[in-house]
Amino acid sequence: MESVDNMQERKLEELSLEANVACPVDPFEKMRKAFEEFKAYFKKEKELFDALAQSQHPKWMIIACSDSRVDPALVLGLELGEAFILRNIASLIPPHSKQSGHKSGASAIEYAVEHLKVEHIMIVGHSRCGGIKALLEMKEDGSNRFSEYIEDWIQIAQPASEIAKAKVPHDSPFEELWTCCVKESVNLSLRNCMSYPFVKIPMEKGLLTLHGAYFDFVNGAFDVWKLKCKIDEHQSL
Amino acid sequence: MAALANSLSLSCFDLPSSGAASFGAHSQTARLPMQVSAQAFDGQKKTVVDNNAFKDKTLEGLNSLSIHNAESRTPAASVSAVATEVQTSPLERLKTGYLKFKENYVKDQNLVSSLAEGQAPPYMIIACCDSRVDPCTVLNLPPGEAFVLRNIGNMVPVYSAQSACSSAASAIEYAVLHLKVKHLVVMGHSRCGAVKALMGIEDDGSNRFSEFIEDWVLILKNASKKVKSIHKVAPFAEQCTACEKEVVNASLWNCLSYPFVREKMASGDLTLHGGYYDFVSNAFESWTLDLSCLNDVDKVQ
């Protein structure tokens, strides 16, 4: 039986050999060609890109899933400069908390709202979301845990899972529960967005609108809805 | 193999200086664990644009669920559409965009049905939220091609054994272990606001301006420290450009700190790449981490 050391040495040599052999195909070849086409477009729209090079003024912030099938710029036909886009598994936004771990979502929203002054935030859920499926299949006692990080991330949407399970009849097909949970997760993330003062204040002033969306690539549909937040005029009792 | 994966030295190291133009193939420091070779997309070469660009043999070799004849976007037409849409309501603008996408998308029913069942993207791309750098637009990647994580500054935090509710860690884990992507690309860009914010932070935190932004960008404070020490006398804008590339390298290095990334790299199933999109000079650089350098890495017991 080969000793661990010998095996390591052999593996390193093999890797070294592979890496040093001239690679016949370049993974970036396709991207290189695509960028050439993009460059031509860039040259053609010089005025647009000169302006963008100076600064960006997107009206939209879009929060979408990392899923390869749901790039929001592609799906919504957005041009460069139109939307500031945050993407993570299941387009989740955790609630405002100074104690939360990494602050990728919070910092992006803060930058978009306070510095870029976006006028709209849209959170897009989608059909067949793997993250939400994992959430629905999670056992309460954690006995079927399968990952190091994924469950901890997707736990953010746990309240949405509870709402969906209460809403959808038990004997319904899984697809119905799945769809409902994605939409409830979008709503949860929208409410979590509102928990950030720098979102709540412009919303109340009518300067920022929050939208939910559901992209169904199975049936070819894109639904949108607004989150309304309004403080009515004070009335004396 | 597990012993090898855990024996990589992850202590502080020096990456090639991201000075003037390209990244050198050889490090200037003895302890460099990574060889980086740069390739710039050279716009001066005459290139015949292939509208079947998506039928790339590389990807066919790598991924049997291969890539489709997605129709090339016609950016010129889209720009005119934007010009006429500018007076309409914001949601009308999205509706127009979506209907155009749908019109093109449904032409390829094979693609539609295969993507409805699942995704098998060959790439994971980590890019900035900046509205000017959508990777699928810049690199013309159709649906199904790339699993994309976007945050401000395209930053990847270092591995932590304690769960930290990390969007980056969960996305990388999912892409590498479940989607089994072949290539992980960290893509930086010019005029990055997050990098500028990082470079502008005073050591004593006296000029703090946000609730969350500084805490986020400081995960890569070593990148800014390094740039400031190497480019002490350069103008701030130049330092920021250097830092934009350093942040890509630091994020790649942090990717390597995840055991599941190292294992896949060691088995040859995953390659890490850096990219830099410069929308000021209309150029794109890319570079790849060379595994043979692992020979030089100190083993840590």
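1. His189(B) is in contact (heavy atoms within 4.5 Å) with Cys128(B), Asp130(B), Val133(B), Asn154(B), Glu244(B), Tyr276(B), Tyr277(B) and Phe279(B), leaving out residues up to four places away in sequence. His189(B) lies in strand 4 (residues 183-189) of chain B; strands (E, at least two residues) and helices (H or I, at least four) are DSSP runs numbered from the N terminus. His189(B) counts as buried because its relative accessibility is 1%, buried being under 20% relative accessible area with a 1.4 Å probe, protein chains only.

2. This is a predicted model, in which local features need pLDDT of at least 70, side-chain atom pairs count only at pLDDT 80 or more, and totals for chains, interfaces and linings use all residues. Residues are numbered from 1 along each chain, chains are lettered from A in the order written, and side-chain values use heavy atoms, without hydrogens and water.

3. An unreviewed UniProt entry lists a "binding site" at Cys128(B), Asp130(B), His189(B) and Cys192(B); such annotations may be inferred rather than shown by experiment. These positions span 65 residues of sequence but cluster in space, with a largest C-alpha distance of 8.9 Å.

4. Asp130(B) sits in the loop between strand 2 (123-128) and helix 6 (135-138) of chain B. With 2% relative accessibility, Asp130(B) is also buried. Beyond four places in sequence, the contacts of Asp130(B) include Gln56(A) and Phe84(A), as well as Arg150(B).

Methods. Buried means under 20% relative accessible area, exposed over 50%, partly exposed in between (1.4 Å probe, protein chains only).
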